[in-house]
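Thanks for asking me to look this over. My notes are below as numbered points, to be read alongside the model.

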Amino acid sequence: MIVFALIKKEFFQIVRDPSSILIAFILPLIILILYRYGVNLDTVKITLGIKNDDINPKISTLINSFDHSDYVRTKFFSSKENMYKEIKNSKLKGAIILPNDFTKKLLRNQSASVFVITDGSEANLANFVQSYTNSIVTDWLFNSSDFKYDIKKPLITPVIRFWYNQDINSHYFILPGSLAVTMNLIGMLLTALVISREWERGTIEALYSTKITKLDFVVGKYIPYFILGMLSFIFNVFLCIKVFRIPFLGSLLVLFFVGGLYLFCCLGVGLTISSCYKEQFSSSQMALSFGLLPALMLSGLIYPISSMPLFFQYLTAILPPRYFITFIQSEFMAGTIPKIVIINSLFLGILGIGLFFVVLSNINLRLEPCREV
């Protein structure tokens with residue numbers, strides 16, 4: 001059949017062109033290593049400077065509370081100027097100054113002050129410095145034998161339990177989410193060049209003399225790169241689970257099924273780009289723009305969609321990474337949840353079929369008649 005002949009031709013081109021193998025297997029390995037060792041959203045061990053002006057020995061227990069905290073790394077200073085200099089050089093994320101009358105005021109049942117200086121250029125870290133300091137000082141007051149009876153205990157003590165990600169390890173959701181970015185980039189780059197390459201090499205003109213239909217041509221482009229993309233996806237999942245030790249609680253069968261739908265969408269976007277441009281350079285630039293930026297900025301991987309402006313919230317509805325990231329993060333950390341699987345699979349299937357018909361309508365395998373001058 002003609003379709004099988006086209007598929008065979010594409011496989012020969014994949015084998016002869018090492019760039020396809022590099023895109024499918026080396027690129028995701030590099031991206032996963034970067035996300036594993038270069039990206040960290042955890043907020044533990046914030047470096048704080050401490051300047052203690054109180055000579056009362058009772059303050060030593062508070063100093064020890066900062067020093068033994070799981071969330072703070074302390075550095076002690078005898079000079080405020082040196083401490084301020086390290087804040088300016090971004091070596092410290094904040095500073096704490098204990099005044100010389102701190103314990104004296106507490107022993108008199110007076111209000112004592114702790115001066116907290118934070119680096120406001122990073123608003124989130126500044127909030128963490130403030131909340132960590134407040135929490136450590138409050139716990140110290142409750143547990144101190146000298147001051148605990150002078151503090152009113154809260155009526156409610158919350159007991160916090162984290163579901164699905166008890167270690168609060170950001171890599172447990174970043175690496176599965178990065179698979180959406182990786183597959184989006186791979187799927188588009190693999191197919192964004194195939195039709196443009198036919199134009200540049202002049203091989204597409206040979207197809208004009210054959211009896212193939214547009215459906216044969218499009219299917220012949222989809223299937224080989226779908227197989228290559230799924231092999232890349234299996235390779236990425238293996239790296240996440242076995243090499244980087246990311247917990248997986250879902251079903252591999254469901255994961256590969258929805259991953260296939262997502263790859264089908266990505267290939268559709270790539271072929272749509274490739275059908276609009278006759279130069280590989282232009283196609284690759286468009287694939288990078290549509291494949292990387294939306295997957296990073298508008299998919300919900302780093303920034304919550306609910307916090308985006310309303311226009312961008314509606315825009316994410318037509319972006320495949322949005323649905324796959326929601327699915328794959330829950331599949332890894334919470335297991336297979338039927339409602340999430342069905343809803344996201346439905347949207348990915350609709351987008352994939354719609355893009356398939358867009359590609360089909362953009363393909364023209366017949367020479368356009370010359371216009372008379």
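This is a predicted model: local features need pLDDT of at least 70, side-chain atom pairs count only at pLDDT 80 or more; totals for chains, interfaces and linings use all residues.

1. The crossing of α10 past α15 is right-handed.

2. Which residues make this contact? On the α10 side they are Lys214, Leu215, Val218, Val219 and Tyr222, and α15 brings Leu355, Phe356, Val359, Leu360 and Ser361. Sorted by class, the contact of α10 with α15 holds eight nonpolar residues, one polar and one charged.

3. Next, please look at α10 (residues 214-243) together with helix α7 (residues 171-192): they pack at about 155 degrees, with axes 10 Å apart. That angle makes α7 roughly antiparallel to α10. The crossing of α7 and α10 is right-handed.

4. From α7, the residues that meet α10 are Leu175, Leu179, Thr182, Met183, Ile186, Leu190 and Thr191. Their partners in α10 are Tyr225, Leu228, Gly229, Ser232, Phe233, Asn236, Val237 and Cys240. How many of the residues in the contact of α7 with α10 are nonpolar, polar and charged? There are 10 nonpolar and five polar residues, and no charged ones.

5. A search of the whole structure turns up one cavity of 30 Å³ or more. The largest cavity holds about 40 Å³ of space.

6. What lines the largest cavity? The lining consists of Leu6, Lys9, Glu10, Glu198, Leu207, Phe217, Gly220 and Lys221. Helix α10 comes up again here: α1 (2-16) and α10 each supply at least two residues of this lining. By class, the lining divides into four charged residues, three nonpolar and one polar.

Methods. Residues are numbered from 1 along each chain as its sequence is written. Side-chain values use heavy atoms; hydrogens and water are left out. Axes are lines fitted to C-alpha atoms, for helices over the stretch in contact, and angles run from 0 to 180 degrees between N-to-C directions. Helices (H or I, at least four residues) and strands (E, at least two) are DSSP runs, numbered from the N terminus. Angles under 35 degrees count as roughly parallel, over 145 as roughly antiparallel, 65 to 115 as roughly perpendicular and the rest as oblique. A crossing is left-handed if the near helix is turned anticlockwise from the far one by less than a right angle, and right-handed if clockwise. Contact means heavy atoms within 4.5 Å. Ala, Val, Leu, Ile, Met, Phe, Trp, Tyr, Cys and Pro count as nonpolar, Asp, Glu, Lys and Arg as charged, and the others, Gly among them, as polar. On a 1 Å grid over the protein atoms alone, a cavity is a set of points where a 1.4 Å probe fits but cannot get out, and a pocket is an open set with protein on both sides within 12 Å along at least five of seven lines; lining residues have an atom within 4 Å of a point. Grid points are joined across faces, edges and corners, and a volume is the space filled by probe spheres set on the points.
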